Amino acid sequence: MNITQSTTLSTFIFPGCFPRLLTEQGGREDLSAYRQLGGYAALADTDALLHEVEASGLLGRGGAAFPLAVKLRTVRDNGQVIAATGGTVVIANGEEGEPASVKDRWLLRHRPHLVLDGLRLAAAVVGADRGYVYVSDPEAAHSIEAALGELGSDGQGVSVELVTVQPGYVAGEETAAVRMINEGLAKPTDKPPRPFEAGVYDRPTLVSNVETLANLPYLQRHGAAAFRAAGTSLSPGTFLATITGGGKPPVLYELPHGVAFTELLALHGVSPDQLRGVLMGGYFAGLLNRTVLETTLDHETMRRQGSGLGCGAISLITDDCPVAVAASVLAYFDRENAGQCGSCFNGTAAMAAAAGALRDGAATTEDVDRLRRWSVLLRGRGACATLDAATNVAATLLDQFPADVAAHLDDTCPVCAHGALRADRPYQAEAGRNA
């Protein structure tokens, strides 16, 4: 079923997949409509809900795929230790810094009560008395404000505050969200401590992506067995995938984990013969060549490919050269790094310069050797994962597309001979406007 929500973005629920996050309703879902679906149901037993979350195997949808139950239990336990000095805190992280993803903005704009309900349930499980919705998108902020106004003091059980931030790739990192609330500066901090140890006002803090939290109301109503009815044993449930590129407008899909990549490609109307490769999981996980046609979309399969689903953003590379795509993404990281860590500030600049020279036919084999060495030696440095993302892009370009790299060393790339791709944010997905 194809549901057009705006002139620039359509949403699509995978055939035969019971929708959990997307809806057929256009525009913004108000409180009355959400309650009719069973929203804000009374929670009698927080331990029982935590058990269902554990049994469900729900993994975080923000990029790291960390088990939500582990986060919930850790924050709850840490909060009980310091109960005398204050409770825990929950942050619904909707700062979608990934340019190729649109899922969080869609949920915040169209289903704000689903997100707030998930925040409410998470807060109840960890014993939080304060919650924050952390966003940069103005329409998302307006939607959440309206939803909070509809709720008033009813149905929450937790004091919720909206926090807005200037958009940026690093602004959505969990310690950056905590720092923004504490200090007004959305830049990552060194770890430890991590937010689950000492976050907002030094309280144990759960920072969870809005799509992750949006799965909790379904779990409360239907339980872990129903949640696992879709997906795979190691990647249960459905997920939101933003598909860009391929000469098509962006589409937001709700897919069961484990769907064949070729099935998604057919739904999107792109022939396998057109595909050169993909940017998988947004900019973070790097590139995959045509071997992606043999994969399924789940965390275990992507890990075996040396890649990852990340935030569910998949950019199809058809008419563009992978070298030019990688150069644009590395240039983006060079501009978007926080400027706090020398290894990241200098490393992203160096890798961007080498990749740009390669794109332009001005690189030497020594430049490529340096790029390969940096992609290994710079991994794991810095306060956040920006440098890791850049090294992933560099490493996967060299490993997955050696023939294209060689063609650029000889300045004989037939694609770039007609003008190489130069984009500030390649395959950026636009959320459109509320219907």
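Throughout this passage, buried means under 20% relative accessible area, exposed over 50%, and partly exposed in between, with a 1.4 Å probe and protein chains only. The model is predicted, so local features need pLDDT of at least 70 and side-chain atom pairs count only at pLDDT 80 or more, whereas totals for chains, interfaces and linings use all residues. Residues are numbered from 1 along each chain as its sequence is written, and side-chain values use heavy atoms, with hydrogens and water left out.

The overall division of the chain comes first. The protein chain is split into domain 1 (30–223), domain 2 (238–317) and domain 3 (322–418), with bounds that come from an automatic or database domain assignment. Between the C-alpha centres of domain 2 and domain 3 the separation is 22 Å. In this pair, 12 residues of domain 2 are in contact with 16 residues of domain 3, contact meaning heavy atoms within 4.5 Å.

The size of an interface is often given as the accessible area lost when the parts come together. Domain 2 and domain 3 bury about 1200 Å² between them, and 73% of this is on carbon and sulfur atoms; buried area here is the accessible area (1.4 Å probe) that two parts lose on being put together, summed over both. Tyr-283, Phe-284 and Leu-287 account for 54% of the area that domain 2 buries against domain 3, more than any other three residues. On the side of domain 2 that touches domain 3, β10 (277–280) and β11 (287–288) each contribute at least two residues; helices (H or I, at least four residues) and strands (E, at least two) are DSSP runs, numbered from the N terminus. The residues of that side comprise seven nonpolar, four polar and one charged. In this grouping, Ala, Val, Leu, Ile, Met, Phe, Trp, Tyr, Cys and Pro count as nonpolar, Asp, Glu, Lys and Arg as charged, and the others, Gly among them, as polar.

Polar links across this interface were also counted. There are zero salt bridges between domain 2 and domain 3, a salt bridge being a side-chain nitrogen of Lys or Arg within 4 Å of a carboxyl oxygen of Asp or Glu. Three residue pairs, both at pLDDT 80 or more, are in polar contact across the interface of domain 2 and domain 3. A polar contact is a pair of N or O atoms within 3.5 Å; within protein, one must be able to donate a hydrogen and the other to accept it, and residues adjacent in sequence count only if both atoms are side-chain atoms.

The structure as a whole holds 22 salt bridges. In one of them, Arg-28 pairs with Glu-150, with the closest N and O atoms 3.0 Å apart. This pair links distant parts of the chain, 122 residues apart: Arg-28 is in the loop between β2 (10–13) and α1 (31–36), and Glu-150 is in helix α6 (residues 138–151). Arg-28 is partly exposed, at a relative accessible area of 24%, and Glu-150 is partly exposed at 32%.

Asp-137 and Arg-109 form another salt bridge, at 2.8 Å from N to O. Here the partners are 28 residues apart, Asp-137 in the loop between β4 (128–135) and α6, and Arg-109 in helix α4 (residues 103–110). Both Asp-137 and Arg-109 are buried. A further salt bridge joins Arg-203 and Asp-129 (2.7 Å, N to O). Because Arg-203 lies in the loop between α7 (174–183) and β6 (205–209) and Asp-129 in strand β4, this pair ties together parts that are 74 residues apart in sequence. Arg-203 is buried, with a relative accessible area of 18%, whereas Asp-129 is partly exposed at 38%. Salt bridges with shared partners also join Arg-61, Lys-103, Asp-104 and Glu-211 into one network.

Helix α4 deserves a short account of its own. Eight of its eight residues are buried, so α4 is largely enclosed by the rest of the structure; among them are Lys-103, Asp-104 and Arg-109. Asn-209, in strand β6, is buried at 11% relative accessibility. The side chain of Asn-209 makes polar contacts with the side chains of Lys-103 (3.1 Å) and Asp-104 (2.9 Å). Leaving aside residues up to four places away in sequence, Asn-209 touches Arg-61, Gly-62, Asn-93, Lys-103 and Asp-104.
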